Amino acid sequence: MSQPWLELAESTHCFGFPYEIGRQEGSTPVETFVNGDFPPLRFIRAAPQPAVIETAHRRGIAVVSYQTFYGAKLDSPGPWPPSLAERPELAIFDRRGVRQRTIFADGAYGLEDQCELCPNCPEVVEGAVAAAVEMAATGIDGLFLDCAFGYNPCHGEALRVHDHLYSEKDIAGIPARELKFTPDIDTPNDDALGLYAFAQLLRRVRQAVEAIKPGFVLIANTCCWPFRYSRAPLRKTVLFAPSWRRRTPRVLWATLDGEMVESFMVLPRKLLDPASDELTTQRWQPWDEWRASITLPAGLAGKRQIVLPYFGTDGDRDMAFFVYATAKLGDAIWETSRRTAGGEFIGLELGRPLAPPETQGAAWLRRFDRGAVAVNPAEQVAEVEVNLAAPEAMDLYAKEIVSLPGERLRVSLPARSGKIWQAL
Ligand SMILES: [Zn+2]
């Protein structure tokens, strides 16, 4: 059952404010983010401290807290994530009996000993459910589950290190496209049985939290763009730009209310180029891929996606309009830091989509009950007609009011650009 606040949410602030808010007594006061420079966001990230939850709820803001079931370290504090020094058997084991390190272990994060936790192991499932129940009991509205991008195969049961709840027999009749992010090829973190087991873990979590708080939502960060630790010429993390299409499998959607599409359309150059340390904003992946990635398959009505573009520091406003207008073609929830180019769209409300996206030549348009967006992904100028169904609207790019003689507005869209109108 989806929640009205999730159906209506247009922007979030998962990462935009200091992480320590609400995390400890004496840290940044609640008022800083609900009073300060924050618009009436309907969805935030905060640790479940009673004062944070109470104040946010009073102001109509849902509190969705961070959690991950993906990895643990030797010195993880426990009970969740468990300490691998005390419970080494809970990790995923490769066929040689070596614990599977996470995709973060090779980066410069201080996570060298972080290993994947086996979602097929009964004790891991029990621990994850208990952690979710503890958080739900604080009165929060949902969990944002980071690192829900799949697992590598686990040989723990064959090695008699731990038991497994599910085996290949359980997934024998299920097509690969229902189970895997990349059903046609083998890629890292895409084990069908592991994803099936993780989906069952999420189902258990949902049952348990639903009993405490009906309508509790689960939103997962399903994105994993494989990266590597580059030693030369600069020692740093660099993303591979994968050439394969990656889509969240239905087995996960069955238990999720929403997902995050991270690194949406843009990244700082330093994350793409091993020779660069620049924070200038770069587009990556073909535009059609991004549009497809925010087009949910049929049957998932009411579920939402959050896009998280990584703008650099160069404040490219044109690119921000292009990225935001593209995100709205999929009615995605906007997430970015207020300090970046896309920050001006935090709190912007265009309302509910009135129809699916439409095309006019190479351009794409979508109407909402309080506005419209248009995107031209092509290398040539596109001429479009926009139906705003409003006598007056604000052209947010030009920052001017447009009065419409009829209801149609003729617009010239530059190459690779986006326009946004808000009905007045
Ligand atoms: Zn296992």
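Student: Which residue of β22 does Ala-393 stand opposite?

Tutor: Ala-393 stands opposite Ala-423 in β22. Strands here are DSSP runs of E with at least two residues, and helices are runs of H or I with at least four residues, numbered from the N terminus. The model is predicted: local features need pLDDT of at least 70, side-chain atom pairs count only at pLDDT 80 or more, and totals for chains, interfaces and linings use all residues. Residues are numbered from 1 along each chain as its sequence is written.

Student: How many bridges join β19 and β22?

Tutor: Strand β19 (residues 392-395) pairs with β22 (residues 417-423) over 3 bridges, in the antiparallel sense. Pairing requires that DSSP finds at least two bridges between two strands.

Student: What is the strand order in the sheet?

Tutor: The order is β15-β16-β17-β22-β19-β20, in an open sheet of 6 strands with antiparallel pairing. At the edges are β15 (358-360) and β20 (400-403), each of which pairs on one side only.

Student: Which strands does helix α9 touch?

Tutor: Helix α9 (residues 317-329) packs on the sheet and touches β16 (363-368), β17 (371-376) and β22.

Student: New topic: where is Arg-269?

Tutor: Arg-269 lies in the loop between β11 (266-268) and β12 (281-283). Its C-alpha atom is separated by 5.6 Å from that of Thr-280, 11 residues apart along the chain.

Student: Why is Arg-269 called partly exposed?

Tutor: Because 17 other C-beta atoms lie within 10 Å of Arg-269. A residue with 20 or more is buried, one with 12 or fewer is exposed, and one in between is partly exposed, with C-beta atoms placed from the backbone.

Terms used: Contact = placed C-beta atoms within 7 Å. Axes fitted to C-alpha atoms, helices over the stretch in contact; angles between N-to-C directions.
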